[in-house]
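Open the model in your viewer and follow the stops below. Each stop gives a selection and what is there.

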Amino acid sequence: MTLTVMADIIQAMNREQLDKIRQVFFTCNRKELMGLLNELLYTMEAEELLPPDHLISRNYDTAQANPEIHTLPGNLRDARDAIFPYFWGTDGWFSKLHLENVKGPANYASLVGAIACLLKNPNLCVDTYSQRSNELEVKAITSLANLIFYHTQQPWGVFTMGGTISNLYGGRVGLEKVIPGAMQKGMQSERPAGVVSEAAHYSNRTVAGWLGMGTEQLYTVATDNSCAMRIDALARRLDELYSDGQKVAFVIATFGSTDAFGVDDIGDIRQLIEDKARQYDMPIPQLHVDAAVGWVLCFFHEYDTRNNPLELEPDVLADVEQAKRKAGTLRYADSITIDFHKMGWGHYPSSAFIVNRRDDLQCLFRDVEQIPYFSEAQYRRDPALFTLECSRPAIGPYSVMAALNGIGLVGYQILIAHGMELARYTRQRLSELDYCKVLNDRCTGTHAVWWVLPKGRNAGDIIKKMESGDISAGDAQRYFTEVKHQFDKRTAVRKPERDALLSYTTSMGYYPRGLALPAWKAVFFNPHTDHRVVDDIITSIEEL
Ligand SMILES: *Cc1c(COP(=O)(O)O)cnc(C)c1O
């Protein structure tokens, strides 16, 4: 064989391989895809028959020591085999016994949206990369903005990777407002501060660090016993910062704290930050609201509490009235974080950052010269002009529009009222036990946090004494150890088929006399959870 013949043969083989790759990996073979999807669905259904904590165990050692990549082109079943043990080893959180956190089953309307999105794989950075998917983002953001601010003229926003990043956008706008030109020139010898409550999510500290302000420039303000920011304490904090000549870039209010569902009063905060800025002749801070969890209260904006069409029980109806009132205060926010992948039962990532007035985003705008390959970008509609990210997934818009229109406003009301009802019921059942104490009975929402002490103790008395300072720090710690010990005991003797999975927080967001209160925690978020699950929790506590 001559060299040229050899080269021809190799070329022919390569062409054949290329053809095969085109055929297998870049041509839609509907039958095969449906077959694989069916297999995954069967596996998931099988898993749903098991108690929630019976997954196969992890093998991190090999994950690092022995990563592997096939050498030769294979097929789609190789793709399945590569991920299958990890798929089986991952909890879909479908079980009604999962109450640990705001982590739950995604809904199937969202799945339809998400699959549609994955099939086209649009990139939301500019309209030219994603066409109607960018339009869908505008629609999804506007729908959410109308739901949240209720009356808004000019909202705009984007979907982000998560609540942390949405909060980052809020903080960033504030920084630019109080130090104009910071994007180009940096802090210019200013030392800007941010303010949150003691019940705020840790992501706000991350934000202060990543914005270059420094985590120590994020100041916390005390909460009251409903885990809401104390307005008197906020006033004192602003006095201190302004007297010291520091600019306050943002106040990030919490609307639905992660553990206890504490809700800050957005109207009062708005009034105060404007008064204080005026008093000290300082720029008004951005009022960003972290409603990653609590935004769902907005579904009750238009609930007719007088005629009560869903026939909610009086307690739940009272919660819904509170929810309506609180949701009404969101219109005083400049910007907001919502996590549709939490209480919207959407797929990750479906977090949105939304501003009440689109002009607020102008301070983040880049010049078209800075983004040469998007020279056609339009100021009216292309997020690439201000987003932190370049490529952005479209899961958020697809998940939101599919789920909101599948489940509907009334559907969401029913789901959230169901969670509230179970949280109420849990608190009520716990209040019948002297050695237990609900810590968030003044919060509206779907969460319960409480103490379980050994039988014979009066938990209510103990907390009162902590509030009045009649218990030493040492004694308090001993009670906290008991709360943890009871929790560990239940975990150790838990009946997997009967007993719900709860979680434990070392600090639920209220600090009487500066004491961080630990607590047992349950989030009533899974639509399958019912009264029976709560009754069984009570039984498991009584059996300790
Ligand atoms: C979960 C949560 C966040 C962070 O959101 P991610 O989407 O997990 O990044 C921020 N704030 C609150 C109140 C949260 O509950």
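Start with Cys 298. At 1% relative accessibility, Cys 298 counts as buried (buried is under 20% relative accessible area, exposed over 50%, partly exposed in between, with a 1.4 Å probe and protein chains only). The model is predicted: local features need pLDDT of at least 70 and side-chain atom pairs count only at pLDDT 80 or more, while totals for chains, interfaces and linings use all residues. Residues are numbered from 1 along each chain as its sequence is written, and side-chain values use heavy atoms, leaving out hydrogens and water.

A disulfide needs a pair of cysteine sulfur atoms within 2.5 Å.

Next, select Cys 117. Cys 117 is buried too, with a relative accessible area of 3%. Searching the whole structure gives zero disulfides.

Select Leu 144, Val 289, Trp 295 and Ile 336. Of the 75 residues in the largest nonpolar core, these touch the most other members. Such a core is a set of buried Ala, Val, Leu, Ile, Met, Phe, Trp, Tyr and Cys residues joined through side-chain atoms within 4.5 Å. Helix α14 (residues 395–431) gives the most to this core, with 10 residues. Helices are DSSP runs (H or I, at least four residues), numbered from the N terminus. A second, separate core of 47 residues includes Leu 97, Val 438, Ala 476 and Phe 487.

Last, select Met 13 in helix α1 (residues 3–25). Met 13 counts as exposed because its relative accessibility is 52%.

Definitions and conventions. Helices (H or I, at least four residues) and strands (E, at least two) are DSSP runs, numbered from the N terminus.
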